[in-house]
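Q: I would like to go through this protein step by step. Could we start with how its parts pack together?

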Amino acid sequence: MSPALTQDMSLFHLIGSASLPVQLVMALLLLTSFLSWWYIFRKLFVIRQAIRQSDEFEHVFWKGPDLNALFQSAAASRHTAGSMERIFEAGFREFIKHKRQPGMDINAVMDGTRRAMRATYQREMDNLESHLSFLATVGSVSPYVGLFGTVWGIMNSFRGLSNVTQATIAHVAPGIAEALIATAMGLFAAIPAVIAYNRYANNMDRLATRFESFMEELSNVLQRQVNG
């Protein structure tokens with residue numbers, strides 16, 4: 001293989017000599033890949049922190065401390081508290097408010113407590129699940145964007161053969177190679193996004209189950225206090 005041919009078929013030369021639509025597709029995929037990796041690492045730390053904070057709060061909660069003291073601690077650290085702690089704070093705050101009202105029915109007290117916890121639960125889950133849809137979109141769309149660049153590049157290569165008397169593989173190889181780079185970039189952007197989305201979605205489901213179980217357990221504890 002001659003040095004000229006090696007230089008012509010180098011990766012950067014193929015990208016630089018690609019047609020404008022293919023270059024735009026490559027640039028879009030490269031930007032998408034960077035954003036995808038940014039959200040992958042960001043969500044990794046967010047989910048790990050949520051799991052760690054939930055573990056710590058559950059450990060403290062089930063040690064059986066005074067719920068009023070635990071509520072005061074949760075209220076004081078509201079901005080740095082974990083999701084489960086904020087759910088507890090919202091439910092216990094509503095429980096205290098309704099319990100202080102004279103003649104309040106126990107069912108009304110518990111219904112208000114559950115609604116408050118449910119509303120906070122929805123906000124927390126919405127915050128934890130933010131940007132997961134972006135990873136899902138990247139995973140599902142990027143291969144097709146790359147395929148569009150490939151099809152355009154191959155079509156351009158074959159159109160160039162119309163001006164050639166005798167077509168050989170040397171005439172179409174550079175065009176096909178640069179077009180296939182777009183497919184490779186689409187897969188490079190999509191595969192990590194799909195893996196991360198599936199992993200994080202599973203973590204979200206597990207956290208959601210933990211939060212819902214905690215809300216039911218807290219409701220039982222508070223109901224026993226009212227009945228007692």
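Q: In which hand of crossing does helix 5 pass helix 6, left-handed or right-handed?
A: Helix 5 passes helix 6 in a right-handed crossing. A crossing is right-handed if the near helix is turned clockwise from the far one by less than a right angle, and left-handed if anticlockwise. Helices are DSSP runs (H or I, at least four residues), as strands are (E, at least two), and they are numbered from the N terminus.

Q: Before we go on, what kind of model is this?
A: This is a predicted model, in which local features need pLDDT of at least 70 and side-chain atom pairs count only at pLDDT 80 or more, while totals for chains, interfaces and linings use all residues. Residues are numbered from 1 along each chain as its sequence is written, and side-chain values use heavy atoms, with hydrogens and water left out.

Q: Back to the pair, then. At what angle do helix 5 and helix 6 pack?
A: The angle is about 155 degrees, and the axes of helix 5 and helix 6 are 8 Å apart. Axes are lines fitted to C-alpha atoms, for helices over the stretch in contact, and angles run from 0 to 180 degrees between N-to-C directions. Helix 5 is therefore roughly antiparallel to helix 6. The classes are roughly parallel under 35 degrees, roughly antiparallel over 145, roughly perpendicular from 65 to 115, and oblique for the rest.

Q: Which residues make that contact?
A: On helix 5 they include Ile87, Ala90 and Phe95, and on helix 6 they include Val109, Met110 and Met117. Contact means heavy atoms within 4.5 Å. By class, the contact of helix 5 with helix 6 has 9 nonpolar, 6 polar and 4 charged residues. Here Ala, Val, Leu, Ile, Met, Phe, Trp, Tyr, Cys and Pro count as nonpolar, Asp, Glu, Lys and Arg as charged, and the others, Gly among them, as polar.

Q: You named Val109 there. Is Val109 buried or exposed?
A: Val109, which is found in helix 6 (residues 106-128), counts as buried because its relative accessibility is 5%. Buried means under 20% relative accessible area, exposed over 50%, and partly exposed in between, with a 1.4 Å probe and protein chains only. Val109 and Ile96 are 13 residues apart in sequence, and their C-alpha atoms are 8.8 Å apart in space.

Q: Which residues does Gln53 touch?
A: Not counting residues up to four places away in sequence, Gln53 touches Thr80, Ala81 and Gly82. Gln53 lies in helix 3 (residues 20-61) and is buried, with a relative accessible area of 19%.

Q: Changing topic: what about Pro192, and where is it found?
A: Pro192 is found in helix 8 (residues 169-227). At 16% relative accessibility, Pro192 counts as buried. Pro192 and Trp37 are 155 residues apart along the chain, yet their C-alpha atoms are separated by 7.9 Å. Pro192 touches Trp37, Ile40 and Leu187, not counting residues up to four places away in sequence.

Q: What is phi of His131?
A: Phi of His131 is near 75 degrees, a positive value in a residue other than glycine. Most residues other than glycine have a negative phi. His131 is placed in the loop between helix 6 and helix 7 (132-160), and it is partly exposed at 27% relative accessible area.

Q: Finally, how many helices and strands does the protein have?
A: The protein has 8 helices and 0 strands. Buried residues make up 38% of its 228 residues.
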